[in-house]
Structures are given as structure tokens and as C-alpha cells.
Amino acid sequence: MRWGGRYVVVGFASGEIPKIPLNLVLLKGVWVVGFENRTILEHLTEVARGHRREVLQLLLEERVHPRVAAVHPLRQS
């Protein structure tokens, strides 16, 4: 990581929790930021709504192209 970079943690989908050597954080002036999507609405409601609007606008304008790795059918009960 370059000097002044950011290490952003966005959940642990694999179940494995990463470990960061704190000496590198200190020596490189790195920012460590955690992000957990479920609680951002509680703490930053307007910011989260603004982000959602921005992402939807990018999708509508076809400026971003999400990669779909798999499609699974919904089962009817």
C-alpha cells in the first residue's frame, strides 16, 4: 500500500477476519476504515440515502456495469 493510502474493510463474507500489521499503518500513514452496510442508515441516514440515489443514477445512465457471477431461481413455497 502506498503512503497515505486507505485500507477499507467492508464486512467478512468469507468468514475470515483479516489481520493488518499495525507497524505498516504507522510507518505509511495509512487510514484504516471499517464499513458495515447494515448500520449506516442508523448513523448517517441522509448520507446513505444520497449514496443510494447516486448509485441508482449511475445504473440508469449505464455508467456502471455490475458483474453477475450466478443467477439462482426463486423457489415458490
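Biologist: What is the mean pLDDT of the protein chain, and what share of its residues reach 70 or more?
Modeller: The mean is 86, and 97% of the residues reach 70 or more; pLDDT is the predictor's confidence in each residue, from 0 to 100. This is a predicted model, in which local features need pLDDT of at least 70, side-chain atom pairs count only at pLDDT 80 or more, and totals for chains, interfaces and linings use all residues.

Biologist: Which elements have the lowest and the highest mean pLDDT?
Modeller: Helix 2 (residues 37-43) has the lowest at 81, and helix 3 the highest at 93. The chain has 3 helices and 2 strands, running β-α-β-α-α from the N terminus.

Biologist: How do you know how the chain compares with a compact globule?
Modeller: Take the radius of gyration over C-alpha atoms, and use the rule of 2.2 Å times the number of residues to the power 0.38. For 77 residues a compact globule would come out near 11 Å, but this chain has 17 Å. Its C-alpha trace spans about 50 × 30 × 30 Å along the principal axes.

Biologist: What makes Arg49 and Glu46 a salt bridge?
Modeller: The term asks for a side-chain nitrogen of Lys or Arg within 4 Å of a carboxyl oxygen of Asp or Glu. Arg49 and Glu46 meet at 3.0 Å, N to O, so the pair qualifies under that cut-off. Both lie in helix 3, 3 residues apart, about one turn of the helix. The structure holds 2 salt bridges; in Glu61 and Arg63, the closest N and O atoms are 3.2 Å apart.

Biologist: Why is Glu46 called exposed, yet Arg49 partly exposed?
Modeller: Buried means under 20% relative accessible area, exposed over 50%, and partly exposed in between, with a 1.4 Å probe and protein chains only. Glu46 has 55%, so it is exposed, whereas Arg49 has 41% and is therefore partly exposed. In the other pair, Glu61 at 39% is partly exposed and Arg63 at 58% is exposed.

Biologist: How many of the 77 residues count as buried?
Modeller: The share is 8%.

Biologist: What makes Val8, Val10, Trp31, Val33 and Phe35 a nonpolar patch?
Modeller: Patch residues have over 30% relative accessible area and no salt bridge; nonpolar side chains (Val, Leu, Ile, Met, Phe, Trp, Tyr) are joined within 5 Å, like charges within 9 Å. Val10, in strand 1, has 55%, so it is exposed. Together the five residues have about 470 Å² of accessible area, from the Shrake-Rupley method with a 1.4 Å probe and, for residues, only the protein chains shown as cover. Strand 1 (6-10) and strand 2 (31-35) each supply at least two patch residues, and strand 2 gives the largest share, 3 residues.

Definitions and conventions. Residues are numbered from 1 along each chain as its sequence is written. Side-chain values use heavy atoms; hydrogens and water are left out. Helices (H or I, at least four residues) and strands (E, at least two) are DSSP runs, numbered from the N terminus.
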